[in-house]
Amino acid sequence: MAVPQHTEPAAPAVQPSPATAPAPGDGLSLEARFAAVEALMSVRLDEAAVAHEVRTAHIDTTPVDLADVITVPLTPTLQPSTPATGTPVAALLERARARMESDGWCTGALSDESGAVCLLGAIRKEAGGDRGLEADAASVVLDAIRRRFGDHVDSVPEFNDSWGSGHTPTRMLGEAASVADAQGL
């Protein structure tokens with residue numbers, strides 16, 4: 001049997017011509033062009049989703065039970081914050097920072113009627129009557145303030161009262177705690 005010399009090429013697969021987005025010069029408004037592009041993208045995404053389904057239909061998968069995967073509690077438990085510092089002054093300054101964050105910040109007084117505190121008020125409340133520890137902590141805070149803002153700052157209350165919010169004074173308590181810890185105070 002003889003094999004024919006001329007074979008007919010296979011017919012190319014007929015693919016629909018891809019839709020195109022409207023061109024800027026076609027007289028459509030910007031909103032109409034956006035709507036047309038959105039419709040075009042929706043069609044393309046739908047086609048891609050179907051193609052993906054067809055290509056992966058033969059893959060056997062088993063559903064994953066999230067109870068087997070998640071091993072931590074879904075709601076976090078509240079743990080008391082412990083100061084990361086080991087020195088007395090640094091621990092006092094960390095507690096003062098936490099108090100200022102929780103009670104709020106004020107100016108012009110050690111504390112106001114709502115319980116908000118200034119820098120020295122937070123230190124005094126957390127010192128628990130230990131005036132020596134309170135003085136050491138205030139000295140470290142003033143040192144940290146002068147390192148950051150210059151020697152023109154005369155006192156901790158002056159620095160506290162020069163701000164419109166408690167963000168910077170609270171941050172300075174944290175920085176002073178780091179300084180105290182580094183100095184072993």
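Analyst: Let's go through a few features one at a time, keeping in mind that this is a predicted model.

User: Okay, aromatic rings to begin with. How many aromatic pairs does a search of the whole structure find?

Analyst: The general idea is that a pair of aromatic rings is described by the distance of the centres and the angle of the planes. Searching the whole structure here turns up three aromatic pairs. Take Phe-149 and Phe-159: their ring centres are 5.1 Å apart and their planes meet at 45 degrees, so this pair is tilted.

User: Which helices do Phe-149 and Phe-159 lie in?

Analyst: Phe-149 belongs to helix α5, while Phe-159 sits in helix α6 (residues 156-161), so the pair ties together parts that are ten residues apart in sequence.

User: And are those two buried or exposed?

Analyst: Phe-159 has a relative accessible area of 4%, and because buried means under 20%, Phe-159 is buried. Phe-149 comes out at 27%, so it is partly exposed.

User: What does Phe-159 form with Trp-163?

Analyst: Phe-159 and Trp-163 form another aromatic pair, with 5.6 Å from centre to centre and 70 degrees between the planes. Planes over 60 degrees apart count as edge-to-face, so that is the label for this pair. Trp-163 counts as partly exposed, at 30% relative accessibility.

User: Which polar partners does its side chain have?

Analyst: For a polar contact, look for a pair of N or O atoms within 3.5 Å. A polar atom of the Asn-160 side chain lies 3.0 Å from the backbone oxygen of Cys-106. The Asn-160 side chain also makes a polar contact with the side chain of Asp-161, at 3.2 Å.

User: What else does Asn-160 touch?

Analyst: Leaving out residues up to four places away in sequence, Asn-160 touches Trp-105, Cys-106, Thr-107, Cys-118, Leu-119 and Pro-169. Note that Cys-106 turns up here and also as the backbone partner.

User: Let's finish with Arg-131. Is it buried or exposed, and which side chain does it make a polar contact with?

Analyst: Arg-131 has a relative accessible area of 51%, and since exposed means over 50%, Arg-131 is exposed. Its place is in helix α5 (residues 131-149). The Arg-131 side chain makes a polar contact with the side chain of Glu-134, at 3.3 Å.

Note on methods:
Residues are numbered from 1 along each chain as its sequence is written. This is a predicted model: local features need pLDDT of at least 70, side-chain atom pairs count only at pLDDT 80 or more; totals for chains, interfaces and linings use all residues. Side-chain values use heavy atoms; hydrogens and water are left out. Helices (H or I, at least four residues) and strands (E, at least two) are DSSP runs, numbered from the N terminus. Buried means under 20% relative accessible area, exposed over 50%, partly exposed in between (1.4 Å probe, protein chains only). A polar contact is a pair of N or O atoms within 3.5 Å; within protein, one must be able to donate a hydrogen and the other to accept it, and residues adjacent in sequence count only if both atoms are side-chain atoms. Rings of Phe, Tyr and Trp (its six-membered ring) pair if their centres lie within 6.5 Å; planes under 30 degrees apart count as stacked, over 60 as edge-to-face and the rest as tilted. Contact means heavy atoms within 4.5 Å.
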